[in-house]
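I opened the model in the viewer today and kept notes as I went. The entries follow in the order I looked things up.

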Amino acid sequence: MEDFLNLYLLTFNCARNPILVDLFAKHLFHALPSSVSDGRAEEAFGAPELIVFCLQEIAPIASAFLGGSSLAPYFDAFVQAVDRAVSKRWDINYVNLVRENSGMTGLMVFVRSDVVGRISWIDTAHVGVGFQDMGNKGAVGARLGYLAKENSGQDTVDLTFVAAHLAPMEYSVKRRNEDWREIVKRLVFSRQGLSTEVAGGESDESVSLMRGSRTPLGMFAPTAYLFFAGDLNYRTSDTLPNKDDYTRFPRPTTDVTSLLHYSQLLKDDQLVREKRRQRCLHGLTEAPIKFAPTYKYSVASRRAAGRGSGDESTEWKWARYRWPSWTDRILYLDTPSWMPELGHVKAHVYDALPLFPTSDHRAVALSVSVPSRAIRVPEGIDDTTDVRLSPPFPLDPDWKYKQEAARNKEIIVGCLAYLGLTWQGGGIVLAAVISGLGVWFVLRTLLEG
């Protein structure tokens, strides 16, 4: 698409399980446009320049908190899925330039190999909003500069991608709003120099990344588009369901007037309500929701999905103790008001993927096009209505101290979880106990002798 940059974003709560690579690859491009409102077909959208995964509960707590090689197999599975899905559609490859995590929340950015040289810089950011500010809940972000044209110097389209996981439970809407506030205040990007290493072993790719430094910026940056996605956990009720409420849960029907049509629940969506009241997701836009709730699917539904029959043609089976809700969302920050000539961000398809047997969430994907011209801020502009220039909350001056303190706690918790919750860790503990007993027996024998 001329003058537009095509992106494909996906958010998925992995439920701490590795994905089934072939099944995930089969459905990965479910939200790729086959046709859009202006009459273009999928070929016009083509292979997107960027593919972005926003992942929650990417791995068990031990692997997620320790990171490194413990987390690598979970990331690698997504790289394999992309490779397999892409190879069936296009004669091109993707390079995994970003694989970052904040505790159990992960972010991956893939760039089409023929345009990877246009990525001129990358910043990342991490924040935990879970227990003791650790990353059982939180956000991870990447901001990158995409050269609008080859050899165009500093003229970049700035893109910010944030993967988030907010507080659970129907009644915790206030806590979710507080999590959003803390992410805005403490998810800080700072340029500290960039590596030319390309993740995923693509060492033959030539990636030219500039080095430099900038004043730390939060999630909202004056020159950047923003995509905020994740298991945001906003529900369709403020209270847990009663035992008789299951009869009101959505069922497959095309009759929008039916009380069992999913749109009846959408009327009570907390995110829409709280956003309207200016309590969360300030300034962001969401494409219309035209798909069933993405959470919480029952074990029976997941088993059906594993047999290849867990799609929307079968009766939806929900967990009875949670209201079916659209917990998994993708929102974006549109073109700034002072540059209408750029045109708007174009959301093509916003849809949920079929249910996978490894999770009680359905993944959600968005195909979208962004104007491929740099955003420039006019001198002397005083626009208090645009969150790029007037974020809803100021940056926390102690963000770095809190981040480092939380990371130290994560390492301790990760080690304890590894020792107490994994077979390998249990083996180490058992070996230590046996060794200790052996030493005690030898010392006792020597002393008694």
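**Entry 1: the core**

Leaving aside neighbours within four places in sequence, which residues is F161 in contact with? I listed L7, L9, L50, V52, L107, V109, V140, G141, A142, L144 and F227. I then looked up the largest nonpolar core, and it has 56 residues. F161 is among those with the most contacts inside this core, along with L7, L50, L144, L159, Y225 and F227.

**Entry 2: confidence and overall make-up**

I noted that this is a predicted model. The protein chain averages a pLDDT of 86, and 82% of the residues score at least 70. Over residues 35-41 the pLDDT is below 50. Beyond near neighbours in sequence, that stretch has 7 contacts in the model. Residues 192-213 also stay under 50. For residues 192-213 I found 39 contacts beyond four places in sequence.

Next I took the totals. The protein chain has 10 helices and 11 strands. Of its 449 residues, 54% count as buried. I also checked contacts with a separation of 6 or more: residues 24 or more positions apart account for 76% of them.

**Entry 3: helix 4**

I compared the span of helix 4 with what its length predicts. Its 16 residues should span 22 Å at 1.5 Å a residue, and the end C-alpha atoms are 22 Å apart, so the two agree. Which residues of helix 4 are buried? I found Y74, F75, A77, F78, V79, A81, V82, A85 and V86.

The loop between helix 3 (61-66) and helix 4 (72-87) holds G67. G67 has a relative accessible area of 9%, so I logged it as buried. G67 and E410 are 343 residues apart in sequence, yet their C-alpha atoms are 9.9 Å apart in space.

Helix 5 covers residues 173-186, with 14 residues. From first C-alpha to last it reaches 20 Å, close to the 20 Å expected at 1.5 Å a residue. Its buried residues are V173, R176, N177, D179, W180, E182, I183, V184 and R186.

I turned to the rings next. The structure holds 19 aromatic pairs. Why is the pair of W180 and F220 edge-to-face? The ring centres are 6.3 Å apart and the planes stand at 80°, so the pair is edge-to-face. The cut-off for that label is over 60 degrees. The pair links distant parts of the chain, 40 residues apart. W180 is in helix 5, and F220 is in the loop between helix 5 and strand 8 (224-231). Both W180 and F220 are buried.

I also recorded one aromatic cluster, formed by F12, F24, F53, F78, F110 and F356. F78 is one of the buried residues of helix 4.

**Entry 4: charges over Y246**

Which residue lies over the face of Y246 at 3.9 Å from the ring centre? I found R320 there. R251 lies over the face of Y246 as well, at 4.9 Å from the ring centre.

I looked for a cis peptide bond and found one joining Y295 and K296, with omega about 5°. K296 lies in the loop between helix 7 (270-276) and helix 8 (299-306).

Then I checked for positive phi at residues other than glycine. E57 has a phi of about 45°. E57 lies in the loop between strand 2 and helix 3. At a relative accessible area of 18%, E57 is buried, because the cut-off for buried is under 20%.

N233 is not a glycine either, and has a positive phi of about 65°. I placed N233 in the loop between strand 8 and helix 6 (263-266). Is N233 buried or exposed? Its relative accessibility is 3%, so N233 counts as buried.

Conventions:
Residues numbered from 1 in each chain as written. Predicted model: local features only at pLDDT ≥ 70, side-chain atom pairs only at ≥ 80, totals over all residues. Heavy atoms only, no water. Helix = DSSP H or I, 4+ residues; strand = E, 2+ residues; numbered from the N terminus. Expected span 1.5 Å × (residues − 1). Buried < 20%, exposed > 50% of the residue type's maximum accessible area, 1.4 Å probe, protein only. Phe/Tyr/Trp six-rings, centres within 6.5 Å; stacked < 30°, edge-to-face > 60°. Lys NZ or Arg CZ within 6 Å of the ring centre and 35° of its normal. pLDDT = per-residue confidence, 0-100. Contact = heavy atoms within 4.5 Å. Core = buried A, V, L, I, M, F, W, Y, C linked by side-chain atoms within 4.5 Å.
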